[in-house]
Amino acid sequence: MDKFRKQFIAGIIVANPLFVLALGLCPTLAVSVTIDNGLAMSGAVIFVLVASNIVVSAIRKFVPNMVRIPIFIVIIATFVTIVDLVFQAYIPALYETLGLFLPLIVVNCIILGRAEAFASKNPVVNTIADTLGVGVGFALALVTISFFRELFGTGSLSLFGVDLFTLPVLGEHPITIFILPPGAFLVIGLLLALFRRTGVTKSE
Amino acid sequence: MKADTLKKVFPIISITVVVFIAVTLLGLTDTVVRPRIEWQKEQKIQDMLKEIFPDMTEYTLEDDIYMIYSDGAEIGFAFLAVGKGYGGNIDILVGLENETTVKGVTIISHLETPGLGARVTESSFRDQFAGLNIDDVALKRDGGQIDAVTGATISSGAVVDAVRATAMEKVKSLEKRE
Amino acid sequence: MLIVIILTGIGLVCAVIIYLVNAVVPRKVQGLEKTEEIASILPGINCGACGRPDCFAYAQTLTKDANVVTKSPCTFVMLDNERLERLEKALGVTLDASQMSRKALIHCNGNSEVIYNYSGVETCKAAAQLLSGYKKCPYACLGLRDCLEVCPQDAISIKPENGVAVIDPERCTGCGLCLAECSQNLIELVPVGTKIAFLCNYAPLRDIPGREKCDAGCTHCRKCYKSCEDEAIVWNKERAIPEFDIEKCTRCGKCIEACEQNTLAEIKIAAEAPVLSHVGTMPGGHCAVPER
Amino acid sequence: MNEFIVIFIGMALINNIVLVRYLGLCPFFGVSKKLGPALSMGMATTFVMFIASVATWPINQYVLIPFDVKYMEIVVFILVIASLVQMIELFIKRTSATLYNALGIYLALITTNCAVFYLTLWNSLYDYSFLESIASSLGAGIGFTLALILMSGIRERLDIADCPRSMRGLPIAFITAMMLSLALLGFGGML
């Protein structure tokens with residue numbers, strides 16, 4: 001049990017995919033405009049990550065080495081398409097906002113990275129711990145980024161339609177650059193620097 | 001010989017098997033989910049049209065023109081227009097009461113910059129179209145009745161031109177049909 | 001149902017393509033075996049001293065034309081007798097290591113006085129642009145690590161007391177990469193056997209105007225020349241500096257004491273041909289693998 | 001002819017696949033430390049993008065659309081891309097070793113490169129004709145290489161500039177990327 005917990009914590013802090021390894025950036029920047037998107041994307045990524053890595057580690061003995069990447073990718077793609085169809089059918093609003101970035105989870109460097117590095121070498125139990133840790137780490141990072149971007153970019157915060165609060169000054173004149181592409185790079189850059197400054201991650 | 005060729009050919013078999021399982025699995029999920037998706041699309045169009053024609057009961061689609069009925073009586077028709085905006089295409093749903101006056105306009109999707117071009121979706125801009133004659137559908141500077149969203153002339157112009165051009169084109173095609 | 005078969009067909013086609021490419025394309029291109037054999041002899045540190053981007057490229061040129069090794073030798077292999085024999089056997093050519101192998105030497109003892117406080121970009125090339133360095137002597141070593149960064153063997157270190165670069169003769173394989181980097185061109189490749197190092201690069205001509213520029217360098221007093229009993233020192237008239245004869249010198253150290261400016265120093269090498277054991281374990285020097 | 005140029009410029013500058021669409025960022029930040037690797041990565045990616053869009057277009061046109069199985073494109077496209085990259089890697093590995101030395105390490109990265117996969121989805125979403133999809137793939141490739149070269153040029157100078165300790169390395173790279181993407185926003189609305 002202790003190993004399970006250690007692996008889980010590792011995914012969040014020590015090897016946080018976003019802030020430490022700088023993996024899986026593509027969906028993060030594009031989608032982290034509002035917290036709803038952030039949560040939806042994290043949910044989808046965690047589901048695909050855990051499900052596909054379990055299957056990968058289950059069949060890891062039967063996969064010939066030469067074709068292991070195409071097979072892993074097809075497994076991940078299947079789970080992503082399932083998520084894509086389910087989102088399209090039951091949560092169309094979020095499906096619209098995520099748009100083309102939902103299928104992009106397939107090429108998300110984290111998932112194939114974990115599958116290749118970890119799942120294809122360890123039994124299923126460890127893989128579950130690892131992927132949960134990495135998934136939650138990714139979700140935490142993504143939500144923090146979307147929190148800052150939505151707060152400064154629109155001056156107000158809303159969670160699934162429920163308007164939480166609006167900032168006094170920023171409400172009328174939000175800094176719209178935070179919603180634009182440059183804002184995303186800025187937020188991640190500053191957060192990385194903040195983490196390095198406070199010693200959460202080691203600096204180069 | 002048998003085991004050897006099997007070993008050599010094994011990679012091919014494994015990929016094909018995995019792809020086969022993946023494809024069948026997806027085929028199943030699709031058949032389960034497809035009706036629900038159709039319903040969702042239907043629902044979306046329904047809401048869109050209701051926004052323009054609140055008292056609409058049902059509609060029919062005749063080669064990309066929606067004929068709108070309220071308890072049997074035809075109260076107008078609607079169609080899709082696509083404007084070339086600042087960030088990319090803007091899809092607009094345009095509703096006309098009759099051949100000359102506009103009932104209302106809603107923006108379906110756009111890629112305009114948030115805070116600037118995106119403000120064309122606000123009702124303050126869209127309500128200006130309601131009740132206008134098609135010929136008056138132009139920006140104030142071009143002799144029309146509609147004043148552009150401040151700071152987003154390209155996006156506003158794109159919406160207005162698209163509505164006007166597609167409206168005229170659809171009206172002509174309707175007259176041809178009668 | 002038909003679509004499932006067609007898509008599986010596409011999967012099958014992809015698999016067959018990979019299989020064919022794997023089987024059909026010759027696993028071993030003819031010259032490849034020989035190149036790989038030679039590459040295994042080479043150190044694999046990709047230092048680029050032989051003029052090729054990496055050891056593999058150098059091995060490729062050697063398979064095509066064996067006597068390239070005499071023109072641009074791999075300095076590392078020259079020092080390592082065991083690898084030298086393997087290379088000679090592989091290429092079928094006899095090589096004489098002694099006169100071919102070289103060592104780098106920095107001609108500066110660094111105690112020239114600092115004249116202004118430099119706080120610009122931390123590289124020698126940048127510092128040299130400004131009045132040719134922040135030291136009184138325009139040829140002095142600035143110690144801003146340009147040569148250190150490029151050395152694949154980490155043989156160069158900076159002396160903390162006067163901030164001058166020093167080369168560790170044990171580690172240096174004479175690859176010569178640092179020569180180009182030094183903006184004051186202080187570094188020279190000297191034969192392996194050199195015993196006495198002349199630590200002054202101040203253009204040693206007798207009547208240069210800036211003569212009083214550096215009080216720490218050679219003042220052409222000829223004391224070292226006079227003090228050496230076994231005539232191991234030859235006085236170079238035009239440049240007015242001593243030159244040391246490797247065979248005659250007995251490392252007696254008299255010339256070093258005689259020189260008040262201590263611009264002479266002894267190059268201490270433990271064994272004649274130093275065994276560079278640690279080099280084998282060096283990570284790929286500065287090859288182009290994207291560090292995360 | 002000019003709509004090809006419009007698409008090419010659109011993909012290369014206005015919708016620059018890295019700085020405006022945020023795609024291919026993992027290799028973008030991983031490889032842009034030096035100009036040499038950045039250039040070879042850019043060329044390798046352009047080459048794979050070109051081959052990928054050439055391969056996926058017929059599948060999309062003659063298999064996915066007639067059978068109305070658009071949702072299958074995710075699985076099929078990624079399978080094609082992965083096999084292509086695997087094939088190219090094996091091919092280069094066996095024929096010219098120096099090319100493999102320069103490119104080989106990044107070829108494996110390309111399979112998980114979001115930009116290549118996004119491009120194939122973009123071509124099928126906008127229903128480009130065969131030539132249009134080639135123009136867009138070359139545009140995207142050149143845009144990717146351009147962004148990589150700009151970034152590596154700047155990052156090489158950043159190494160010797162003295163930025164605060166905690167900003168060194170990745171954080172400053174992100175801030176530079178922000179400025180680059182700000183600059184590219186200027187191209188918006190041109191077409």
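The following exercises, each with a worked solution, concern a predicted model.

Residues are numbered from 1 along each chain as its sequence is written, while chains are lettered from A and ligands numbered from 1 in the order in which they are written. Local features need pLDDT of at least 70 and side-chain atom pairs count only at pLDDT 80 or more, whereas totals for chains, interfaces and linings use all residues.

**Exercise 1.** Describe the secondary structure and the dimensions of chain D.

*Solution.* Step 1: chain D has eight helices and zero strands, where helices (H or I, at least four residues) and strands (E, at least two) are DSSP runs numbered from the N terminus. Step 2: the radius of gyration, taken over C-alpha atoms, is compared with the globule rule, 2.2 Å times the number of residues to the power 0.38. For chain D the radius is 17 Å, close to the 16 Å that the rule gives for 191 residues, so chain D is as compact as a globular protein of that length. Step 3: the C-alpha trace of chain D spans about 60 × 45 × 30 Å along its principal axes.

**Exercise 2.** Determine which element of chain A gives the most to the side that touches chain D.

*Solution.* Step 1: two residues are in contact if their C-beta atoms, placed from the backbone, lie within 7 Å. By this rule, 37 residues from chain A and 37 residues from chain D take part. Step 2: on the side of chain A, the elements that give two or more residues are α2 (25-31), α4 (68-90), α6 (109-119) and α9 (181-197). Step 3: α9(A) gives the most, with eleven residues.

**Exercise 3.** Locate the bend in helix α1(B).

*Solution.* Step 1: α1 of chain B covers residues 2-52. Step 2: the bend at a residue is the angle between axes fitted to the seven residues ending there and the seven starting there. Step 3: α1(B) bends by about 50 degrees at Val9(B), and Pro11(B), a proline, follows within four residues.

Note on methods: The expected span of a helix is 1.5 Å times one less than its number of residues.
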